[in-house]
Amino acid sequence: MQNILRVHNLTVQVFNQSKPVSLVDDISFEIKKGSIFAVVGESGCGKTTLAFALTRLFSGAHNFSVQGKVYVNGEDILELSDEKIRTLRREQIRYVFQDPVQSFNPVKKIKKQVYDALNLNNKSDRTRKLRKIQDLLRKSGIENPDEVLESYPHQLSVGTLQRILIVMAIFPSPKILIADEPTSSVDATLRYRILDFLDEMRRTMGMSILLITHDLEIARRYAEDAAVMYAGRLVEIAPREKLFVQPLHPYTQLLMQYYFKTGDIDSTVTQSLSGSLPSPMYLPKGCTFQNRCYKVRDDCKIEEPPLTEIDNERLVRCPYWK
Ligand code: SF4
């Protein structure tokens, strides 16, 4: 299958008193056209920084530097002009942010905010497109779209606001949707309803989705391929069935072993792993997982292992995975 997104050696650094600190380090992966690729990892591992870098949301931030290549349809978007990247973000790569409440202006009605966000300034254009917006809202499970569009954000539930955000993101039929913890603030029933809707839209629109999540069950249910992130690095990439059935990296193994008892990566690591996620400012020499790894040996403290291909489909950052 053709790849829609190819990321090569992506590194994001922030300058702390002129010293570069890597928040995301040398990340490479590819997303197949029309598929869901999940990036999973505990809070603070760099998932959201990665997502921001992919859409150049750090542009203009003077103390950040982004290096590497991000190809969309063969074009490196890190090299595009500001105008082209804005067009790309409007039409081809859309983003759903984590916090639906903070994403809306509290003093404007939803309809006005939807029109502004989708650039529907022309009245006749609006009438035609309003039908599509209402239709998408209905498909997302909102039964009264007219009423919802005439409401202010505080009159709506978090779940409704999240679905409006998703509809705004998929309205232009983008090629890629970056969904950063799209259901972290809703209950389990609504979570799967929203994700089923996204999955249906992926199929009908032929869209690819980069799903950023700390919920392994979501990744297991919806993703075709998944990557595990730790301390700003990818430590394992594999098709879903391999990652969840036979994880190879010690970190992935521990996550899989305990996750389904706790239901959340952050609780899992608190309960099952000693030590803590190292700060990007104070990474140890060698493997970044060494302070928590049950297989650690002296060699692990000398050089950081590379992400190595195990077979045609999976990569692991640990020479002692067997
Ligand atoms: S390289 Fe060493 S410390 Fe790192 S995951 Fe492998 S065994 Fe563990």
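Colleague: How much space lies in the largest pocket, and what makes it a pocket?

Modeller: The largest pocket holds about 410 Å³ of space. On a 1 Å grid over the protein atoms alone, a pocket is an open set of points with protein on both sides within 12 Å along at least five of seven lines, whereas in a cavity a 1.4 Å probe fits but cannot get out. The volume is the space filled by probe spheres set on the points, which are joined across faces, edges and corners. This is a predicted model, in which local features need pLDDT of at least 70 and side-chain atom pairs pLDDT 80 or more, while totals for chains, interfaces and linings use all residues. Residues are numbered from 1 along each chain as its sequence is written, and side-chain values use heavy atoms, without hydrogens and water.

Colleague: Which residues line the largest pocket nearest its centre?

Modeller: Of 15 lining residues, Arg-89, Arg-94, Tyr-95, Phe-97 and Ala-117 lie nearest the centre; a lining residue has an atom within 4 Å of a point. Helix H2 (82-91), strand S6 (93-96) and helix H6 (158-170) each give two or more residues to this lining, and S6 gives the most, with four. Helices (H or I, at least four residues) and strands (E, at least two) are DSSP runs, numbered from the N terminus.

Colleague: Why is the largest pocket said to lie between domain 1 and domain 2?

Modeller: Domain 1 (3-92 + 174-316) and domain 2 (106-172) both give residues to the lining, so the largest pocket lies between them. The domain bounds come from an automatic or database domain assignment.

Colleague: What is known of the second largest pocket?

Modeller: About 320 Å³ of space lies there. The lining has 16 residues, with Glu-30, Ile-237, Asn-312, Glu-313 and Leu-315 nearest the centre. Strands S2 (19-32) and S10 (233-239) give two or more residues each, and S2 has the largest share, four residues.

Colleague: Is Ser-22 called buried or exposed, and why?

Modeller: Ser-22, in strand S2, has a relative accessible area of 16%. Buried means under 20%, exposed over 50% and partly exposed in between (1.4 Å probe, protein chains only), so Ser-22 is buried.

Colleague: What does Ser-22 contact beyond its neighbours within four places in sequence?

Modeller: Ser-22 is in contact (heavy atoms within 4.5 Å) with Thr-11, Val-12, Gln-13 and Pro-280.
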